[in-house]
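This report covers annotated spans, charged contacts and ring contacts. The sequence and the structure come first.

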Amino acid sequence: MNEIKCECGHVNPEGTVLCEACGKPIERNQHIDGNEKSKLLNMRYEGSARRSKTRNQTVVDKIWIFFSSVKVGVWLIVLTLIASIIGTILPQEMYIPQNVEAADHYRDEYGLFGQIYYQLGFHNLYSSWWYILLIASIGVSLVICSIDRVVPLYRALKRQKPKRHSNFIRRQRLFGKTENVKQADIDQVVSRLKKKRYRISEENGHILAEKGRFSRWGPYVNHIGLIIVLIAAILRSMSFFYIEDYVWVREGETKLIPQTDGQYFIKNNDFIMDVYDENDERYAEAIKKNGEMIPSNYETKAEIYKVKGDTIPGQDPELTKVNEGEIRVNEPLTVEDISLYQASYQLNEFQSMSFKLHLSDDENESPIGEFTFDMNNPKKEYDLGNGYRVVVDDYFPEFFMEEGVPDTKSKYPKKPAFIFFVYGPDIEDYEVNFLTIGANLNPHNNNQYKISITGVDMRDVTGLTVKRDHTLPFFAVGAIIFMIGVVQGMYWYHRRVWIHPRENEVWIAAHTNKNWYGLKKDIESSLEGTDFNIPDDQQELK
Amino acid sequence: MDYVSISSNFLFASFIIYMVAIVFFAFTIRDKNKEHKQTKAGTVGIVLTIIGFISQIGYFITRWIASHHAPVSNMFEYMTFFGMMLVFAFIILYFIYKVDLLGLFILPVSVVVIGYASVFPQEISPLVPSLKSHWLYIHVTTVSLGEGILAVSFGAGLIYLIRQVDQTVRSKKTFWLEFIMYSILSVIAFVAVSTTFGAMDYSIEFQHSETETTVVYSMPAIAAPNDGVMLTEDKMSPLFKAPGWMNGAEAGRKLNSLIWSLLGGLVLYGLLRLIFRKRITAALQPRVKKSNPELLDEITYRAVTIGFPVFTLGGLIFASIWAQEAWDRFWGWDPKEVWALITWFFYAAFLHLRLSRGWHGEKSAWLAVIGFAIIMFNLVVVNLVISGLHSYAS
Ligand code: HEM
């Protein structure tokens, strides 16, 4: 390595721009930070030697140089920003209706533009490989960029001496000279700076007052926080850290909680949906305007059971209750590392329907036989006794007519319809009953017997998201570190004031990484009433 | 008097007080004093601002009592709160830098924002279950505080640009400066038009055949909904229909409001040009010449450094905590979330450009302007047009 020995005696690593100890500009390296002789010094990173500025032989060096450039970093951020905007032009796939083909939806709703959007994969933009690549590059850039700077910066700030080279002092942004300064004035300034919590160090009458150096580490701390967040995002793809599932539980039903290795069961005792009272004066106007009821609460009263001992296949496991409580929106219920969130619901699903068979022309409809159709346990045939039986030819849980043909929209019993064949001793072949709530269509209109509904049993179904998320603590730690770093770097400032005695004058120079206004005020109030001239700002904008 | 009316009175009072404060800040321009020296008019201005702010806190508290939840849950409440945070941010930065001019530029923005808020339905609305969370209040209040502080950088940046951009020749820069003025005027026009027709109880109904809903316009229809039939008679009939790709019943109404704002803005802008006989920003330039560009640049940056952490905390961190509780995922790429991320990326880019690439002065000021545009886009367009789960506007 080509080390550089400064006239002050300090040995600097290759590529150093300003001597780590005395700040003297190292002649042959001034081009690195674009310093010109006459101008102010570029104080960024203290003129320390960065790897990215000194080595450029191997492929690794080239990659290092690429990612350590802030220009590249900003480009990556801007590209990600633009990509993110594109993703909000049309809804992402996860926000479009579930029951249609994505391709059709984008074409039908948004025409040609939608079609192109879909073709380019923008409907799933945030999980596309190139978006993830952009984010990953930001991560890589963050790491390399930070390492490239933090080590040399640390060295430079650690080795700095109170006695600085006069070239360094003269080329600071805040700089002033005063002739014939009394020692008492210097002492007063120093003690005032001390009061302002500057740390004072001295070397042969040369004084350095420094404060807030730790704020220089802010950016690096916050970048570490960001890295942790990105790592957490990667961990999310591993099932040990993150699992998501869904379970529908009917009222009264006990169901296995998925992803628990068959260990946990949930019982839904009751599902409640509350709405705001439209007679309540407070919200009356808003509710009226809204036109429909506004829900105020969704809640599942749940019990959680754990399997006791080993389960024997084919035998119902023995359960013990381990938790009980309400699951509400914003208030999940947690068992061990699994959390259950109120996510969805279905009101008034049919649980069972009861029917009777009677003579079509019987006004009293006195039953010949009765049966109950259980939606959870539908049978193909019901024997009504006395030789009468009903065969379920077809069952439509969520009935609708498609071009004159009955069909079902889903397998959930929201609007059941049936085609029953009635057999009996006095029926020749069989009679067809087409039945749904409020209607019994008799295709031939000449039935001798008729089936009528005598009762329905309905219940609510709750939809719960089941989550195991061990990445949350990582995100939390990352976020906290990020915040600490940002605040550290932005609410504190690194300020330095140098008092530099010459033969018959005293020079004062000062530097801060941000908030020059505050630094100037510090200096003005410290110099007030002394012989010192207030230093000039050598870089006023026109 | 019930709490609701007390709270609207407080709000109205602060609206008026802010306007009076603007007048006093305007007087500071005429003061022959050197910069930095505090002027009497400036002192009155800031005292009034603080009184107005306290009155607005009065609005906030009484409305909270009346509605049983923090009043940050619909467009009216949210925009009002943003206006209030803008004033608060201004007060903080005023006490750091004592720049009177800032009041002259920030307070009007705040007044326009509050005026704009008042166009939205003001009745107290109940919260749907997902909004019932303390994290919602914490999230929303912190975000708007952050955005308020960031918006101060826009104020400082704008003054900087008005002062520095060469007005002797027409250039891209003068065009965009005028464009900023025109945008602000359009919002004012929108508020004026809505308030006027609102006071007249103007309404026209359209039947939208595709969705079988009726849309009510509360200002004369220039653009009818695409696919809409006018039900109301003896009112001005629309000049044209919204284009086909703007489907949905409300799209036509929104387009109509937009046209009104743009036309109204044009009228106001034209009037001002006639009065000044030059570009508005050219007319303003001599009035801000006294300010110190160095200091303005510093304020622009300082506002970002103060606002960025607050925004991150509110807009990303608290937002994720709330989303985690309400929707069981802390991040879902919902448009509102994405736009918070975009805002954050933007200001991160701003900081890096400034710190490491030396984007000071004019470049930095333009960035501050763009940043504010992004914030307003997020508040207005994303809520009203793109709106996802967080949608305040039903
Ligand atoms: C979204 C991603 C990023 C965020 C939120 C972020 C955040 C920050 C913040 C808040 C600062 C402090 C700025 C100031 O004090 O004014 C900073 C400084 C810095 N960042 Fe980043 N950063 C990000 C990405 C990057 C990337 C990709 C790079 C690499 C090229 C990078 C390189 C730097 C450097 C070199 C500094 C300045 C350190 C100094 O001059 O002392 N950052 N960053």
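## Salt bridges, spans and rings

In this predicted model, R389(A) is partly exposed, with a relative accessible area of 29%. Its salt-bridge partner is E381(A), with N and O 3.3 Å apart. E381(A) is likewise partly exposed, at a relative accessible area of 41%.

Over all chains, a search of the whole structure gives 24 salt bridges.

| Salt bridge | N to O distance |
|---|---|
| R155(A) and E20(A) | 2.9 Å |
| R173(A) and D537(A) | 3.0 Å |
| R389(A) and E381(A) | 3.3 Å |

R155(A) and E20(A), which form a salt bridge, belong to distant parts of the chain, 135 residues apart. R155(A) is in helix α5 (residues 129-159) of chain A, while E20(A) is in the loop between β2 (11-12) and α1 (51-54) of chain A. The arginine, R155(A), is partly exposed with a relative accessible area of 26%, whereas E20(A) is buried at 4%.

For the salt bridge of R173(A) with D537(A), the two residues are 364 apart in sequence, so the pair ties together separate parts of chain A: R173(A) lies in the loop between α6 (166-170) and β3 (174-179), and D537(A) in strand β24 (residues 536-537). Both R173(A) and D537(A) are buried. R173(A) also lies over the face of W516(A), 4.2 Å from the ring centre.

The unreviewed UniProt entry annotates residues 63-90, 129-151, 220-243 and 472-493 of chain A as "transmembrane region". Within the model, residues 129-151 of chain A are 100% helix and 0% strand, with 33 Å between the end C-alpha atoms. Residues 472-493 of chain A are 86% helix and 0% strand, and their end C-alpha atoms are 32 Å apart.

In one of them, the ring centres of F346(B) and Y347(B) are 5.5 Å apart and the planes stand at 90°, so the pair is edge-to-face. F346(B) is buried, with a relative accessible area of 10%, and Y347(B) is buried, with a value of 1%. In chain A, ring pairs join F355(A), F371(A), F373(A), Y382(A), Y395(A), F418(A) and F420(A) into a cluster.

Methods: Residues numbered from 1 in each chain as written. Chains lettered and ligands numbered in written order. Predicted model: local features only at pLDDT ≥ 70, side-chain atom pairs only at ≥ 80, totals over all residues. Heavy atoms only, no water. UniProt positions renumbered as here; feature names shortened; annotations may be inferred. Helix = DSSP H or I, 4+ residues; strand = E, 2+ residues; numbered from the N terminus. Phe/Tyr/Trp six-rings, centres within 6.5 Å; stacked < 30°, edge-to-face > 60°. Buried < 20%, exposed > 50% of the residue type's maximum accessible area, 1.4 Å probe, protein only. Lys NZ or Arg CZ within 6 Å of the ring centre and 35° of its normal. Salt bridge = Lys/Arg side-chain N within 4 Å of Asp/Glu carboxyl O.
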